[in-house]
Amino acid sequence: MVERSDRAPLLDWEEVPSAEKPGGTSPTKDRLSSPSNSRALGCSAPGFGWSSEPGGPIASRSVSNADGCSAPPATSGAPAGTDEGLCTDKEEHLSDTGPRKVSLEDRMVKWEEKDQIVSVFVVTFNTRSGNMLEWCLPKDMDLEGVEFKAIASGSHRVSTDIIYFRKGCYFGLACFANMAVESTVERGARMKSVGILSPSYTLLYRYMSFLEHQVRLQLQSPGHYSPLEAFYEDKRALLPPSGDGVVTVLPANVWSAAINHSMHPEMKITHPAGCMSQFIRFFGEQIMVLWKLALLRRRILIFSPPPVGVVCYRVYCCCCLANISIPGVGVAVPEFRPFFYVNVADISALENELSYVACTTEKIFEEKKDLYDVYVDNQNVKTYRDGLKPLLRLSTADREKYRKLTEQRQMLLYSQEENGDCVSSEEDLFILFFLEQNNRIFQTLSEVAGSPDPTVTQESVRAMGLDPHGDRLFLLHLLEIYGYDTLLVSEQLCCS
């Protein structure tokens, strides 16, 4: 007999899970799997890989896929900031004998199971009117401009795409498809996109296969919205009566104990070219330049023609380069916010941002030099800020770090091939490499700040893994941004 999820009844939009076998996976886990998300890619913050199995949380491990990318477990987390709506969870957990203390892990898993969909919508391209919002739930949701996010500029050149984006305080995921039709009215092509909005981007990947299926359904049978209605009724988040757009999902005190302000939670995008390992191989040594700029919280804009999906993942990967897990470090600096896909309608929003990383398909952004600090076109990283131009040059320490990163990757691949190591993944390797490098820098700075002679010397800079000469400007920016400006810098650290 087929067992059903103990979380919610199966609806007509859900896949029927296979029967659970002894020692097998849970029905809930099977229901969330699909040919699409079985190759889901992502990177998890250490210690937060939890899956919701019957009986309580189970620490999950990453498994490498055939395409060389890994599928780490879903992380039930997000930075404590304005992007993730936070409020107090007043639900009590009662045992047979009365109230019991609920562990942090139990609360994290319970929160992960909460559904957070605040809107579902269909966008279409009309040959006369352009992009149009065709249908949505709830009907009173403010979705102005979402039609230009769900169908990216230039999408008519691709058959399918996925787009992550920001809409106000929410994050969105839309699946786009382009189908040839014998219609003069539609000029031989029908283009639609089906999307959702949520207060967090970290769990959107769960619904990607559903959205991909629904956009194909909308192309073949326009106006068939019943699966989307059932999906929304089952997954919708509860908004507070104030209507301020903050979703009641995660208690703030959970996050204060669970994740650092400067750590980015896991994100998965089901795109074979989107994993962290391929992101770093795409940029090569330039990844060290992006690492420094991300750590300095600069405004980074990535240009690329469609498809947008893989570029959205590069946005997320840039955020991961700036992860810091030392408590208290980075709290006072601007949050490095992923905007994902942006278009000309986002210009006013970007003007007010102190730090972000985003991608676009619109070349006109390159002329808007006041909107960004760094512009990335393909593998070309450039800036018009004179103070940042020296940072685009690789230092000796940069090349050494990249060499070590490459060596570690080769050792991992050898271990996987020779010993059948399916636990370790390239994703974990890359994430931890930069996390440890960042922690090393700030741990050293904290030690220098607490010493009788708070002076940054050549020895302390080398202890950070930096070049005393080539990284001097980077270090000065770092001291200023992270509040170490009371430290003295040795005169030996001269410019190269």
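Strands are DSSP runs of E with at least two residues, numbered from the N terminus. In this predicted model, one such run is strand 13, residues 337-341, and phenylalanine 340 lies in it. Phenylalanine 340 has a positive phi of about 60°, although it is not a glycine. Its relative accessibility is 0%, and because buried means under 20%, phenylalanine 340 counts as buried.

A second residue with this kind of backbone angle is asparagine 378, a residue other than glycine whose phi is near 60°. Asparagine 378 is placed in the loop between strand 15 (374-377) and strand 16 (380-382). With a relative accessible area of 46%, asparagine 378 is partly exposed. Most residues other than glycine have a negative phi, and most peptide bonds are trans.

Two peptide bonds of the chain are cis. One joins leucine 137 and proline 138, with omega about -10°. Proline 138 sits in the loop between strand 7 (130-137) and helix 3 (146-150). The other runs from proline 306 to proline 307, and its omega is near 5°. Proline 307 belongs to the loop between strand 12 (300-303) and helix 9.

Over the whole chain, the secondary structure amounts to 14 helices and 18 strands. The chain has 496 residues, of which 56% count as buried. Its accessible surface comes to about 21,600 Å², with 52% of that belonging to carbon and sulfur atoms. Among contacts between residues at least 6 apart in sequence, 69% join residues at least 24 apart.

In soluble globular proteins, nonpolar side chains tend to be buried together. Here the largest nonpolar core holds 112 residues, and Phe279, Leu295, Phe442 and Leu445 touch the most other members. Helix 9 (residues 309-320) supplies the largest share of this core, with ten residues. Another core, of twelve residues, lies apart from it and includes Phe339, Val342, Ile347 and Ala358. Leaving aside neighbours within four places in sequence, phenylalanine 442 is in contact with Leu295, Ile324, Ile326, Val329, Leu478, Tyr482 and Tyr484.

Glutamine 218 gives a case of a buried residue with a polar side chain contact. This residue lies in helix 4 (residues 208-220) and counts as buried, at 0% relative accessibility. A polar atom of the side chain of glutamine 218 lies 2.8 Å from the backbone oxygen of histidine 224. Not counting residues up to four places away in sequence, glutamine 218 touches Val122, Glu134, Lys192, Val194, Gly223, His224, Tyr225 and Leu228.

How values were computed. Residues numbered from 1 in each chain as written. Predicted model: local features only at pLDDT ≥ 70, side-chain atom pairs only at ≥ 80, totals over all residues. Heavy atoms only, no water. Core = buried A, V, L, I, M, F, W, Y, C linked by side-chain atoms within 4.5 Å. Buried < 20%, exposed > 50% of the residue type's maximum accessible area, 1.4 Å probe, protein only. Helix = DSSP H or I, 4+ residues; strand = E, 2+ residues; numbered from the N terminus. Contact = heavy atoms within 4.5 Å. Areas by Shrake-Rupley, 256 points an atom, 1.4 Å probe, with all protein chains shown as cover. Polar contact = N/O pair within 3.5 Å; in protein donor to acceptor, adjacent residues only side chain to side chain.
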